[in-house]
Amino acid sequence: MAMSGSLHGTRASTHISTPATTTKGMRYPRGCLRMRGPMRLQAAAGESIREEASHREPPAGSDTFSAKYVPFEDVRSQTPSPEEYSLDQVIYRANDGGLLDVQHDMDALKEYDATYWRKLFDSRIGTTRWPYGSGVWSKKELVLPGISSDDIVSMFEGNSNLFWAERFGKELGMSDLWVKQCGNSHTGSFKDLGMTVLVSQVNRLRKIKPELVQAVGCASTGDTSAALSAYCAAAGIPSIVFLPADKISLAQLVQPIANGALVLSIDTDFDGCMRLIRDVTAQSPIYLANSMNSLRLEGQKTAAIEILQQFNWQVPDWVIIPGGNLGNIYAFYKGFKMCMDLGLVDKLPRLVCAQAQNANPLYLAYKNGYDNFQPVKAQSTFASAIQIGDPVSIDRAVLALKATDGIVEEASEEELMDAAARADLTGMFNCPHTGVALSALTKLRERGVIAPSDRTVVVSTAHGLKFAQSKVAYHSKAVEGMDCKLANPPVQVKEDLGAVMDAISQKFSSMR
């Protein structure tokens with residue numbers, strides 16, 4: 001099989017050289033990149049890219065990089081404790097009942113300088129090399145360094161486009177507004193980034209400890225179940241999803257059904273589904289796939305690294321992220337922080353968490369200085385994937401926001417739908433959750449918090465086609481209590497030239 005990294009069938013290779021010393025006296029990576037002339041890599045006849053990868057010499061340092069679970073409280077307090085766990089253990093909580101965090105051996109990673117990491121990551125963009133063609137696994141050393149490429153379950157997720165929202169930015173008086181389209185992924189949401197990591201580790205566990213993991217389960221508001229069922233189907237692993245009845249879109253519901261998951265539609269909300277899945281996984285060989293499992297955040301953090309890479313390793317001023325269960329805001333912080341610690345960048349962006357007003361416990365806590373967090377009973381919202389009143393990752397989110405001088409903003413149902421519709425009129429096609437983030441952006445611009453020249457990234461977490469029903473309702477003006485002021489319903493006309501011309505002239509005054 002011929003594999004190429006450009007339209008001309010050529011690409012640069014990684015040359016493994018002996019250790020050297022930089023001008024600063026720092027150890028230079030053994031796996032330094034030396035760009036050779038054009039070449040074409042040929043796999044053996046009948047050999048898959050996975051099999052080809054098994055013959056490839058591992059990158060420098062692979063045998064020294066490692067990661068483990070530690071209590072999240074150790075991270076928050078910056079006080080290490082003796083408590084730690086192997087990633088090969090099935091465990092979700094620390095001894096104190098708190099969350100766990102994946103901690104990398106940063107000293108081993110720092111043996112290689114920033115130039116090395118930039119060149120290594122940049123060399124993997126757009127390739128078909130297994131598993132580096134994935135935007136997640138192109139950063140493998142910072143994700144799951146110890147996993148074999150043969151255990152990885154990937155659909156080459158990530159590498160999503162970061163586009164300059166020129167026209168929408170102009171409407172807000174901004175010159176440097178960008179949208180990171182994380183929804184342009186295999187199952188239509190950013191959840192693919194985390195699920196490839198979790199299911200890959202499960203795939204490994206089923207080989208070394210088959211009695212421990214016989215299926216994977218999750219509670220979901222839609223997107224998590226779609227990602228889990230797809231990646232489990234790709235690996236041949238049984239999956240079970242707990243969904244709140246009548247609270248997710250048809251497009252989200254059909255995805256796990258099509259991928260062969262056991263779909264349980266339960267008469268409760270997401271928080272009720274979450275309680276049930278915790279109980280089920282505590283007493284059965286079903287592996288928990290929700291974001292309280294910190295493995296998923298290791299994949300999700302690569303979106304932050306990808307943003308830096310797409311900006312040629314320059315840091316944006318602001319990153320605005322929709323928030324529900326709140327793992328993603330911490331994942332972005334973790335990706336940015338890791339890059340800063342490795343010297344790839346020299347600062348962190350300010351983070352904004354955008355919540356739906358109908359499910360806004362973090363916003364309420366933020367307004368009170370994060371004192372005395374209280375869960376809420378989430379009300380119905382078009383942004384159904386963030387309709388969560390008792391977020392698992394509240395402590396993670398607070399840490400991320402405090403560390404980045406972050407802000408929490410909210411959006412009412414009308415605000416989020418109007419914001420999505422307004423952006424759609426500039427060429428986008430946004431999910432309601434992105435509408436929440438766009439509404440937050442609009443408010444922060446109006447208050448002068450975000451300056452006209454600030455480089456700002458809005459994270460779009462899902463594809464608008466997964467939520468087409470909400471757009472139909474909006475443009476049909478069928479949403480009770482909402483003006484739908486930007487609705488653009490179709491115009492019914494007779495099969496008559498005069499009637500057609502009248503309709504056109506009414507829409508476009510210049511043609512009258």
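Student: By class, what does the lining of the largest pocket have?
Tutor: There are eleven nonpolar, five polar and twelve charged residues in that lining. The classes are simple: Ala, Val, Leu, Ile, Met, Phe, Trp, Tyr, Cys and Pro count as nonpolar, Asp, Glu, Lys and Arg as charged, and the others, Gly among them, as polar. One caution first: this is a predicted model, so local features need pLDDT of at least 70 and side-chain atom pairs count only at pLDDT 80 or more, while totals for chains, interfaces and linings use all residues. Residues are numbered from 1 along each chain as its sequence is written, and side-chain values use heavy atoms, leaving out hydrogens and water.

Student: OK, how much space lies in the largest pocket?
Tutor: About 770 Å³. Its lining has 28 residues, and V75, D101, Q103, Y330 and K337 are the closest to the centre. Two or more lining residues come from each of β5 (67-71), α2 (72-77), β6 (100-104), α12 (327-341) and α14 (394-403). Those labels are DSSP runs numbered from the N terminus, with helices being H or I of at least four residues and strands being E of at least two.

Student: Which element gives the most to that lining?
Tutor: That would be α12, with six residues.

Student: Which residues lie nearest the centre of the largest cavity?
Tutor: F190, K191, G324, N325 and A385, out of 24 lining residues. By class, that lining splits into nine nonpolar, twelve polar and three charged. The largest share, three residues, is from α10.

Student: And what lines the second largest cavity?
Tutor: G158, S160, K180, C182, N184, S185, L193, A303 and E306 do. That makes three nonpolar, four polar and two charged residues.

Student: Now the sheets. What is the strand order of the open sheet with mixed pairing?
Tutor: Six strands in the order β7-β8-β16-β13-β14-β15. β7 and β15 (407-411) stand at the edges with a single partner strand each, so one side of each has no neighbour in the sheet. Two strands pair if DSSP finds at least two bridges between them. The twist averages 25 degrees from one strand to the next.

Student: How many bridges join β13 to β14?
Tutor: Five, and strands β13 (318-322) and β14 (350-356) run parallel. One of the details: I321 has C353 in β14 as its bridge partner. On this sheet packs α16, touching β8 (177-181), β13, β14, β15 and β16 (456-460), with its direction at about 115 degrees to that of β15. Contact means heavy atoms within 4.5 Å. Axes are lines fitted to C-alpha atoms, for helices over the stretch in contact, and angles run from 0 to 180 degrees between N-to-C directions.

Student: What about the sheet with parallel pairing, what order does it have?
Tutor: β11-β10-β9-β12, an open sheet of four strands. The edge strands, β11 (262-266) and β12 (286-288), each pair on one side only. Five bridges join β10 (239-244) to β11, and P244 stands opposite I266 in β11.

Student: Back to helices: at what angle do α15 and α16 pack?
Tutor: Helix α15 (413-424) and helix α16 (432-446) pack at about 90 degrees, with axes 7 Å apart. α15 and α16 are therefore roughly perpendicular; angles under 35 degrees count as roughly parallel, over 145 as roughly antiparallel, 65 to 115 as roughly perpendicular and the rest as oblique. The contact has seven nonpolar, three polar and three charged residues.

Student: Last one: which peptide bond is cis?
Tutor: The one from W130 to P131, with omega near -5 degrees. P131 is in the loop between α4 (114-123) and β7 (162-164). F156 is found in that loop too, and its phi is near 55 degrees, a positive value in a residue other than glycine.

Definitions and conventions:
1 Å grid on protein atoms, 1.4 Å probe; cavity = no way out; pocket = protein on both sides within 12 Å on 5 of 7 lines; lining within 4 Å. Points joined across faces, edges and corners; volume = space filled by probe spheres on them.
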